[in-house]
Amino acid sequence: MINFFRKIRQNLLSQNKFSKYLLYAFGEILLVVIGILIALQINNWNEHKKEKVQEITLLKQLKSDLVENQREIEELKERIEINRSAMDTVVVKLRKKEYNSTFDLLVTLVHRKSYFNNANSGYKLIGNGLASILSNDSILNGVLQLYEKDFANIITRQNLMNTTIDNRVYPLTNRLFKTKPMSIKFESLDGAATDVFTPLNFESLSDNNQYINTLLQLKRIIEERLNLMDQTKNNVEKMILRIEEEIKLKSND
């Protein structure tokens, strides 16, 4: 092809057809420019296609993480509800001075801790420089809001609850109860709550306002944690729907 165009140029020059040569040269340059533009357009199209695949992959990872966190929040709520229910019953029994065999197990449940693991692979990818891949700013900002505010607050409340158990409840428990290993093991109990707590003197315990008030303080912390988890769960559900819509839109684009 190159030799073909070279022969045409040579023939035009040898025949002193300079004007036609200029016209031909211009046409040849135009063809080269068009070829370059087409190549650039194809390259840009390939890059856009590659970025869209990367964006969809990131969106799917974010959705997977949020679905996992949604499931975990639901399970965590159930576990914490057991804490609160056990605490309510313990306080009622103390105020009514009613002791039976279930009291010891209920006190054990009061000491149970629950943890939010926070699936965050997609969020880490955003933090490692892939934020620009997300073309929908509202999704990016919504995901950042979830991880940097909602999930962070859940972990803060979790730490407050567990610190209260360790620093406020356990010192009183160690002084007012005796412990023995639990004869029946429950998979849902964490390692710190595998002992049964039996009051040294139930009558004295029922009159101990410090112990009862400490339990009520822990209950308020638990209720704040549950309310926050309800709000976060709703926000996660909305974000999952938005991400699903964005994946569908990108896939059909």
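Student: In this predicted model, which residues is Y211 in contact with, leaving aside its neighbours within four places in sequence?

Tutor: Y211 is in contact with L94, V107, L172, T173, L176, F177 and L205, once those sequence neighbours are set aside. Contact here requires heavy atoms within 4.5 Å.

Student: Which residues have the most contacts inside the largest nonpolar core?

Tutor: They are L66, F151, Y211 and I243, in a core that has 52 residues. At least two residues of this core are supplied by each of α2 (18-96), α3 (102-110), α5 (137-176), α6 (202-206) and α7 (209-252), and the largest share, 14 residues, comes from α7.

Student: Why is I212 called buried?

Tutor: The relative accessibility of I212 is 6%, and buried means under 20%, so I212 counts as buried. This residue lies in helix α7, and, not counting residues up to four places away in sequence, I212 touches V91, L94, R95 and S206.

Student: How far apart are I212 and L94 in sequence and in space?

Tutor: I212 and L94 are 118 residues apart in sequence, while their C-alpha to C-alpha separation in space is 8.1 Å.

Student: What makes T198 buried?

Tutor: T198 has a relative accessible area of 13%, which is to be set against the limit of under 20% for a buried residue; therefore T198 is classed as buried. T198 has its place in strand β2 (residues 195-199), and, apart from residues up to four places away in sequence, T198 touches Y99, D104, F177, K178 and K180.

Key. Residues numbered from 1 in each chain as written. Predicted model: local features only at pLDDT ≥ 70, side-chain atom pairs only at ≥ 80, totals over all residues. Heavy atoms only, no water. Helix = DSSP H or I, 4+ residues; strand = E, 2+ residues; numbered from the N terminus. Buried < 20%, exposed > 50% of the residue type's maximum accessible area, 1.4 Å probe, protein only. Core = buried A, V, L, I, M, F, W, Y, C linked by side-chain atoms within 4.5 Å.
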